[in-house]
Structure formats: structure tokens, C-alpha cells
Amino acid sequence: MGNNVKHAFVAAILTGVIVMPVFGLQLIRQGAKTLMEPNFSFVLIAMAIVFVGQLCRHWLLLPFKKLKRGLPTLPAAPTGGNKLLILALVAVAVIWPFFSGRSSVDIATLVLIYIMLALGLNIVVGFAGLLDLGFVGFYAVGAYTYALLYQWAGFGFWEALPIAGAMAALFGFILGFPVLRLRGDYLAIVTLGFGEIIRLLLINLNQFTNGPDGISGIPKPTVFGMEMQRRASEPGGQTFHEIMGWTFQNNHMVIYLYLMALMFALVTLFVSTRLIRMPVGRAWEALREDEIACRSLGLNPTRIKLSAFTLGAMFAGFGGAFFAARQGLVNPESFTFIESALILAIVVLGGMGSQVGVILAATLLTVVPELAREFAEYRMLIFGLVMVLMMVWRPQGLLPMKRPHVELAK
Amino acid sequence: MSDLIPQLTQQIFNGLSLGAIYALIAIGYTMVYGIIGMINFAHGEIYMIGAYVGLVTLTAIGTQTGMPLPLMVAVMLVVAMAVTGVYGYTLERVAYRPVRGSPRLVALISAIGMSIFLQNWMALGQGARDMAVPALFSGGINFNFGEHAFGVSMPYSRILIIVVTVVLMIGLTLFIKYSRMGRASRACSQDMHMANLLGIDTNKVISFTFVLGAMLAAVGGVLIAITIGKLNPFIGFIVGIKAFTAAVLGGIGSIPGAMLGGVLLGLAETFAAAYISSQYKDIVAFGLLVLILLFRPTGLLGKPEVEKV
């Protein structure tokens with residue numbers, strides 16, 4: 001017991017040192033001068049909490065130990081009976097926006113964009129085990145491909161979409177080709193560097209990309225060539241609502257975008273589910289588990305990694321083009337490292353390789369900050385903390401996929 | 001043409017002072033990597049915290065108290081080192097020790113989470129906007145070559161960076177070479193299990209490595225805050241990546257390599273800013289990182305790593 005008290009005491013002192021310069025002595029700017037305002041009570045409270053927490057550490061940790069084992073894991077392959085359930089879910093997802101408010105549909109669209117991006121990254125990180133910290137770079141490539149094609153060649157969304165995907169995939173291929181020989185953590189840093197390089201290039205190639213201001217006025221997608229606006233942009237053109245004989249409503253565009261995002265997310269989900277059962281998908285997973293064993297079985301690691309990397313980049317490119325169309329403007333600010341980290345956090349939180357987990361996590365990480373807007377400044381703080389805690393307590397994620405495997409007794 | 005020599009001198013001086021900062025931070029990366037083989041992604045944030053602690057200390061003392069300048073700087077450095085040392089220790093205990101022995105990616109993700117946490121921790125405590133750091137040193141040494149030629153100016157604050165860094169580097173080299181702890185940490189970087197079998201408390205050595213790395217980064221933070229005159233909670237990220245580049249350039253795991261890499265990167269960046277375009281200096285640093293990792297992943301002074309089954 002005495003040892004415990006000593007331990008808690010030391011922890012409390014350390015907490016004091018850590019909290020003091022950040023919260024205890026607050027710097028205040030007054031014109032050119034910097035003043036200081038002490039706020040010791042906060043420090044004392046933090047120290048007290050840590051002291052008590054460390055004393056009762058044993059009991060406090062009990063629920064977490066349960067958590068470690070208690071949460072369910074998904075079966076390796078969804079059984080056939082789920083098909084009806086999935087169909088019903090999709091039907092609900094298609095119908096509900098017609099009966100709900102504009103803001104919730106907007107949030108749902110955002111969730112779907114993140115689901116799509118996270119599923120794309122899941123191919124790279126979850127299936128192939130390659131930590132990609134520059135994913136947002138490919139997202140940017142997709143978004144700017146559409147924006148630039150519109151600005152310089154007048155392309156519409158549907159013409160630009162395949163090109164955006166192809167461009168992002170090409171970037172992934174060119175980047176991946178030399179980089180994928182590197183070991184895991186080096187790979188992470190190099191992809192991070194590439195993501196930053198793409199962003200910096202977008203900022204600095206002023207004549208071409210319009211620099212930090214970005215490109216605005218990007219048109220929304222059309223419905224089979226018909227615009228969804230109050231009036232056609234060209235004389236003589238017909239808009240969607242005129243043809244359908246509806247009165248014009250802004251809501252239609254919101255719902256249309258939602259449905260498109262839903263389609264994108266479903267396509268991504270479908271493609272990646274099929275891929276993982278194909279030989280290439282099996283090879284990704286095998287490579288993630290043991291690269292040396294794969295090589296000795298005659299698999300070509302570089303080629304397999306490259307396929308995962310390129311495919312992931314392609315989905316990011318599609319997502320980027322859709323993002324550009326939805327926002328109507330792109331600028332380099334949307335493609336910072338934090339965005340990469342957010343998508344990565346979704347994959348990690350959901351359970352690497354688990355698609356249902358990823359969807360759940362994307363929903364959680366997008367909806368919770370929207371609901372708790374008054375805590376907006378704590379958002380990133382909690383977000384970082386969650387990443388650490390997940391790695392410490394449950395590195396396999398919230399809803400990990402159970403894999404058929406046998407392990408040698410050690 | 002007569003301007004060439006003074007301009008070069010100026011650029012080399014600027015590059016050295018910048019490179020010294022990178023070297024100070026890179027040592028933290030390289031030592032941690034050398035011992036437990038992980039990239040401490042949050043190391044750049046420690047540098048940022050060091051800068052803030054320096055500013056807090058300076059504000060607490062006050063600039064008008066008549067305290068001699070060297071003493072004031074020394075107090076800032078010591079306080080910043082002490083606090084960031086605690087940060088480094090806690091960081092390792094809280095975020096890295098529990099995941100030691102897990103796959104590399106788990107530790108890296110934990111480190112990324114910690115980095116995001118620390119940035120926003122500081123933003124919450126001291127505000128996300130730029131803070132002004134009062135100028136402690138004014139003036140510097142100026143050389144003029146001829147009447148109309150380009151003059152070389154060496155501000156005292158930048159000279160201070162170089163002097164402090166050189167002193168610390170010498171101290172560190174001696175410490176690693178001759179002290180008991182230094183020998184233990186070298187043993188651990190060669191073979192952790194064997195060191196443990198021979199009675200070295202490896203946990204202690206790892207903690208010590210984090211504390212030492214954090215302290216050096218804090219020195220970099222305080223010195224750069226004095227020189228540049230402003231700071232915000234997000235300065236650590238880019239500098240951290242660049243210092244990591246420096247560590248990789250020199251050969252990650254090698255302390256002299258980190259020093260060399262830092263100086264080379266500082267020079268490369270300064271010259272790129274001067275002769276290509278200042279907007280592209282970050283791209284030069286990142287591009288350099290990519291190129292080294294592609295063509296010489298072991299760096300200049302590093303040992304090749306053999307993958308064992």
C-alpha cells in the first residue's frame with residue numbers, strides 16, 4: 001500500500017509539471033505585450049484527480065480489461081441469410097432522406113463520403129497492411145482533376161469522374177512503384193511526405209491551380225445531362241425539375257447528392273468485399289501477415305502492394321471528385337495531414353480490415369462532432385486521445401473481423 | 001560577381017543555424033529509433049512545448065527585471081528542459097510502453113494520436129493563435145565587404161543557436177561515450193535482450209532516452225522562439241518531419257549521423273530558399289526525404305538493417 005501511495009504521489013507531481021505551463025500559467029496577448037495569468041486551481045484539481053486515480057487504479061482498470069475481451073468480433077464471412085437484411089438497410093437508406101430535414105441529409109452525405117474514403121484506405125491499411133499517411137494527397141488529386149478539367153476544358157462531373165479516378169490511381173502507381181520496397185514505418189513517412197508535397201505544389205503552382213484561394217464555381221453533377229438548377233445555364237437547355245414537371249426546390253440537390261454519395265459508398269463497399277475474396281485480396285492479407293513467407297511462396301510483394309495502393313488511391317480520387325462537386329470549390333486547405341489522420345483514425349477505430357467496423361467508425365466520428373458542436377475545440381484533442389487509447393487497449397478496433405487462423409503455441 | 005562570396009557566407013551561416021535546430025531535434029528521433037525501433041511521431045510536439053515553456057518562463061521572470069541576459073536564457077533553457085523531460089518520460093509511459101512489442105504500426109499510430117493530442121492540448125491551454133516572444137537580443141555582427149557590396153549579418157540570436165548546439169553536441173558525445181548511462185544505452189541499441197540479461201535495466205534506459213531526446217528538442221524550441229519571435233501550437237509538426245528527414249539523411253540510429261544530417265538539411269533548405277524559391281523550401285526538404293529513403297534508406301552514416309525471420 002505504501003508503495004502505491006508513493007507511486008500515486010509521483011504521478012501527481014508529474015501531472016503538476018505537465019499541466020502547469022499549459023493551463024496553470026496562461027499567456028495573454030495584449031497588443032505587443034505578453035502577460036500572464038496564473039490559474040493554479042486547475043493544476044491542483046488535475047493533480048488531485050491523478051493522485052486518486054492512481055490510487056484506485058486497480059479497480060478503475062477492471063472494466064477496461066473486460067472491454068478488451070468483451071466486445072464482439074465479426075465472423076470471417078457474412079453468412080447468406082444477411083442478404084435480406086442488407087437489402088432492407090439499403091432501402092431504408094434510399095428512402096429516409098425524402099422524409100427528413102436538409103441538415104441531417106447533409107450530415108449523412110458527409111458520413112457517406114467518409115465511409116467511401118475509409119473503405120478505400122481500408123484496402124491499403126486494413127487489407128494490405130501498408131500504413132498510408134498521405135491518403136489525402138490522392139483525394140486532392142481527384143478533387144483538383146475535376147476542378148482543373150472544369151476550369152480549363154469545361155468538363156462536367158460525369159466526364160471528369162473516371163479521369164479523376166484514373167489520375168489518382170496513376171499518382172498512386174507512380175508513387176507506389178519506388179516506395180513500396182520500403183519497410184512499414186518508412187513507407188508511412190514517405191507517403192506523408194508525398195501528401196505534403198502535393199499540397200505544397202497546389203499552393204505554389206499559382207498560375208495553374210490558383211494557389212491558396214483554390215478554384216471555385218465548380219458545377220454540381222447533372223442528372224443524365226440535365227442540370228439541377230432553377231434555370232439552365234445555357235439558353236435553350238432544360239433543367240431537371242422542368243422535365244419532371246416539379247416545382248424547383250433546393251432540397252432536391254441535397255437529396256440527389258446524398259443518393260450519389262450512397263451509391264459511391266455502396267460501390268466501394270461492394271468492390272472491396274469482392275476483392276478481398278479474390279486471389280489478389282488473399283495475397284494482400286497473406287502479405288500483411290508475413291511478407292517473408294509470401295516471398296518464399298513465390299508471390300511478388302511489390303506487385304501485390306502496388307495493386308492495393310493503386311486501388312486505394314483510385315477510390316480516393318473518386319471521393320475527391322465528388323467532394324469538389326459537392327462543395328463547389330476546392331482549395332489546398334481541405335487536404336491537410338489532419339484529414340489523412342482522420343480517415344486513418346476511422347479505419348483504426350473500426351478495426352483494420354473490418355468493413356462493418358469501418359462504416360460504424362465513420363458514422364461515429366462524423367456524427368458525434370456534429371452533435372456536440374459546443375465541444376468543437378475539444379474534438380481533435382479527444383480524437384488524438386482515442387487513437388492512443390485504442391492502440392493501448394484494443395489495437396484490433398471496435399468490431400474486428402475474425403479470421404480463420406491457427407497459431408503455433410509459443 | 002563580387003557579391004558571391006559574402007552571399008555564400010550569409011547563406012552558409014543561416015543554413016548552419018537552421019541546421020543546428022534540426023540536429024538537436026533529430027537526435028531525439030535517432031536515439032529512440034536506435035533503441036526501440038519506433039518513430040516517435042510526437043517528438044516535434046515536444047519541441048513546440050519546449051518553446052512554449054521557454055516563453056512562459058520568460059514572461060514569469062519579466063524582461064525588465066535587470067537580470068543578466070545569459071542568466072535569463074540559461075533559466076529558460078533549464079526550465080524548458082526540465083518540463084519537457086517530464087513530458088518525454090510521461091509520453092513513453094502512457095503511450096508507448098503499453099504498446100511495446102506490438103507490431104510497428106500500432107506504435108506509430110499511437111504516436112500519431114499523441115502528436116494530435118499534444119498540439120490541441122497546447123492550443124486549448126495557451127490559445128491557437130500566434131504568440132509573440134519578446135526580443136531578447138538585438139543586433140549582431142555585421143561584415144561589410146567594400147562599399148556597395150552585400151553585407152553579411154550575423155544576429156546574436158543565431159550565433160547563440162550555433163554555440164549552444166555545439167556545446168550540447170560535445171557534451172552529448174562525451175556523455176554517451178563515457179558515462180554509465182551512455183554505455184548502457186549503447187548496449188541497448190546493439191541488443192536489447194542481451195543488455196537486459198547482463199543486468200541493465202532496459203526500461204530505465206528507454207525512459208532516459210526519451211527524456212534526453214525531449215530535453216534537446218526543448219533547447220531547439222527555446223532557441224528558435226527567441227530567434228523568430230513568435231510561436232503557435234502547430235509549429236512542431238513540420239519541424240518534426242524535417243528533423244526526422246535529417247535523422248534519416250544521416251542514418252537513423254546514429255547520433256553523429258543526426259548531427260550531420262541536420263546541418264546538411266539546414267544548408268540544403270537555406271540554399272533552396274535563396275537560389276530556387278523560398279516557397280519551395282519545404283518541398284525540397286520533403287523531396288530530399290523521399291529520395292534518401294528510396295536510394296539510400298540507411299542514410300549517410302547508418303548501418304544496413306538485416307531483416308530476420
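A crossing of two helices is left-handed if the near helix is turned anticlockwise from the far one by less than a right angle, and right-handed if clockwise. The model is predicted, so local features need pLDDT of at least 70 and side-chain atom pairs count only at pLDDT 80 or more, while totals for chains, interfaces and linings use all residues. Residues are numbered from 1 along each chain as its sequence is written, and chains are lettered from A and ligands numbered from 1 in the order in which they are written.

**Exercise 1.** Describe how α2(B) packs against α8(B).

Step 1. Helices (H or I, at least four residues) and strands (E, at least two) are DSSP runs, numbered from the N terminus. Helix α8 of chain B covers residues 202-228.

Step 2. Axes are lines fitted to C-alpha atoms, for helices over the stretch in contact, and angles run from 0 to 180 degrees between N-to-C directions. For α2(B) and α8(B) the angle is about 55°, and the axes are 7 Å apart.

Step 3. Angles under 35 degrees count as roughly parallel, over 145 as roughly antiparallel, 65 to 115 as roughly perpendicular and the rest as oblique. Therefore α2(B) is oblique to α8(B).

Step 4. The two helices α2(B) and α8(B) form a right-handed crossing.

**Exercise 2.** Carry out the corresponding analysis for α2(B) and α3(B).

Step 1. The packing angle is about 135°, with the axes 8 Å apart. Helices α2(B) and α3(B) are therefore oblique to each other.

Step 2. The crossing of α2(B) past α3(B) is right-handed.

Step 3. Residues are in contact if their C-beta atoms, placed from the backbone, lie within 7 Å. Among the contact residues are I46(B) and V53(B) of α2(B), and V79(B) and Y87(B) of α3(B).

Step 4. Ala, Val, Leu, Ile, Met, Phe, Trp, Tyr, Cys and Pro count as nonpolar, Asp, Glu, Lys and Arg as charged, and the others, Gly among them, as polar. The contact of α2(B) with α3(B) has 12 nonpolar, 5 polar and no charged residues.

**Exercise 3.** Characterise the side of chain B that touches chain A.

Step 1. Contacts link 49 residues of chain B with 45 residues of chain A.

Step 2. The most residues on this side of chain B come from α4(B), which gives 17.

Step 3. By class, this side of chain B comprises 37 nonpolar, 10 polar and 2 charged residues.

Terms used: Contact = placed C-beta atoms within 7 Å.
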